[in-house]
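Please open the model in a viewer and keep the selection panel at hand.

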Amino acid sequence: MLLKSEYIRLTPNERIYGLQVPVIGLTGGISSGKSFVANYLESKGIKVICADKMIKEIYQKKATKDFIRSLAPQVINSEENINFKLLRELVFERDNLKLKLEKYLHPQLENIMKTKISSEDHFIIYDIPLLFENNLKEKFDLVVTMNLSQDNQIKRLCERDKISQDLAKKIIAQQMPLEFKVRNSDFVIQNDGSLDDLKRTIESVLITEIFLA
């Protein structure tokens with residue numbers, strides 16, 4: 001599958017991490033359905049690289065655990081595992097912790113990303129939740145945003161992470177409003193219906209409009 005030529009908009013020097021291949025940013029709010037879309041596209045043979053998965057790789061490193069221990073020792077247990085539920089709660093209670101973690105983690109993404117791209121890739125999709133928060137829109141050839149109502153977003157986040165509505169609302173409030181992301185995207189995937197509805201939207205909004213078979 002190829003990307004239509006009109007959507008190859010940047011040179012490598014303009015692109016995120018200086019990548020040689022076109023990059024489509026897949027973003028949205030938490031629990032908006034990005035992972036489902038990423039998995040569906042991968043099932044169609046499309047290369048998807050997930051920022052969250054790369055961050056998890058970084059979290060497994062001893063140096064990262066030592067860094068987190070220096071900031072919040074209570075989230076590292078006796079078996080040297082990170083309590084991510086507790087870490088998330090602390091991040092949304094302490095802005096300085098969030099900033100320090102992001103400053104430590106994000107510069108490491110570039111090196112990992114480059115190991116995942118091969119000469120056979122015609123383009124990639126980069127699943128990156130904080131695309132707009134980190135002011136990266138201009139670094140992508142194309143931006144696709146997942147959208148849904150806030151009621152559905154809260155409900156799905158509570159069900160997924162087994163958290164209270166109050167915590168879910170705090171987490172969502174820390175993110176940039178979806179309305180802003182939608183206004184500044186090239187394509188929007190609405191996800192307020194069933195999984196079958198979402199599959200049909202992926203086919204009509206992305207696969208038909210953006211790609212050449």
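Contact here means heavy atoms within 4.5 Å. The model is predicted: local features need pLDDT of at least 70, side-chain atom pairs count only at pLDDT 80 or more, and totals for chains, interfaces and linings use all residues. Residues are numbered from 1 along each chain as its sequence is written, and side-chain values use heavy atoms, with hydrogens and water left out.

Select Lys65, in helix 3; helices are DSSP runs of H or I with at least four residues, strands runs of E with at least two, numbered from the N terminus. Beyond its neighbours within four places in sequence, Lys65 is in contact with Tyr59, Gln60, Ile76, Glu80 and Ile82. Lys65 is buried without a salt bridge, and Glu80, the nearest side chain of opposite charge, is 5.9 Å away. Buried denotes under 20% relative accessible area, exposed over 50%, and partly exposed in between (1.4 Å probe, protein chains only). A salt bridge places a side-chain nitrogen of Lys or Arg within 4 Å of a carboxyl oxygen of Asp or Glu. The backbone oxygen of Glu80, however, lies 2.8 Å from a polar side-chain atom of Lys65.

Next, select Lys62, Asp66, Arg69 and Glu80, which a network of salt bridges links.

Move to helix 5 (residues 95–105), whose buried residues are Leu97, Leu101, Glu102 and Leu105. These fall within an arc of 130 degrees seen down the helix axis, so they line one face; the arc is taken from the directions from the axis to the C-beta atoms. Leu99 and Lys103, on the other side, are exposed.

Finally, select Asp186 and Arg9, whose salt bridge has its closest N and O atoms 2.9 Å apart.

Conventions:
Lys and Arg count as positive and Asp and Glu as negative; His and the chain ends are not counted. A polar contact is a pair of N or O atoms within 3.5 Å; within protein, one must be able to donate a hydrogen and the other to accept it, and residues adjacent in sequence count only if both atoms are side-chain atoms.
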